[in-house]
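Work through the exercises below with the sequence and the model side by side, and try each task before reading its solution.

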Amino acid sequence: MTSSEIKRIFHIEDIMNLPHAVNRVLFSAERDDVYREMIRIHQGDMSYDWFQSLYEQELSQRNQKKQDFTPSTLGLICSQIVGEHNSVHEPTAGNGSMIIQDWWNKMSSVFPWETQFIPYYVDCWELSDRSIPLLLLNLSIRGINARVHHGDVLTQEEKEVYLLKSEDPLSFSNIIKIK
């Protein structure tokens, strides 16, 4: 997804406004339409974090918060090493690229109509205010059930907590702010 496509979809002029714009969309009536447009642009390829390269170039806070990014190939290798499991705990989720790799590894091994029989749950933490909206989008557009803690995993201090719930793994997750 190009910067110009992102600006068009989220109605922004400056890419630095993306986290705020995504957050606005997540809790609006237009959310599902935006999600469908993003899926169309990526031709249905849900296997990777569409925002990763843009985020690394434009929005990351590497110097201030020592953020670093996991290459998608490493995420896939980690998923394959861990093997079969029903839940994921990700203490530094970022935008969710490792979670996406693991989810994709599990879901692509079965037929779409069989995904409902694969229990998959994520519990994750993220400190960055800029990453949280993109993390919520990345998980909810893929129909992932999760609890997302916006806060410091080391001190267990939470700013916000979100519950993502999907009754059907082929649909988007509902996002409920519980704290």
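## Exercise 1: a loop residue

Determine whether His-11 counts as buried or exposed.

Solution. His-11 has a relative accessibility of 61% and therefore counts as exposed (over 50%, whereas buried means under 20% and partly exposed lies in between, with a 1.4 Å probe and protein chains only). His-11 lies in the loop between α1 (3-10) and α2, where helices (H or I, at least four residues) and strands (E, at least two) are DSSP runs numbered from the N terminus. The phi of His-11 is near 55°, a positive value in a residue other than glycine.

This is a predicted model, in which local features need pLDDT of at least 70, side-chain atom pairs count only at pLDDT 80 or more, and totals for chains, interfaces and linings use all residues. Residues are numbered from 1 along each chain as its sequence is written, and side-chain values use heavy atoms, with hydrogens and water left out.

## Exercise 2: a helix pair

Describe how α2 and α8 are oriented to each other, and which residues meet.

Solution. The axes of α2 (residues 18-26) and α8 (residues 131-140) come within 8 Å and cross at roughly 45°, the axes being lines fitted to C-alpha atoms over the stretch in contact, with angles from 0 to 180 degrees between N-to-C directions. In the contact (heavy atoms within 4.5 Å), Leu-18, Pro-19, Val-22, Asn-23 and Leu-26 of α2 meet Pro-133, Leu-134, Leu-136, Leu-137 and Ser-140 of α8.

Key. Angles under 35 degrees count as roughly parallel, over 145 as roughly antiparallel, 65 to 115 as roughly perpendicular and the rest as oblique.
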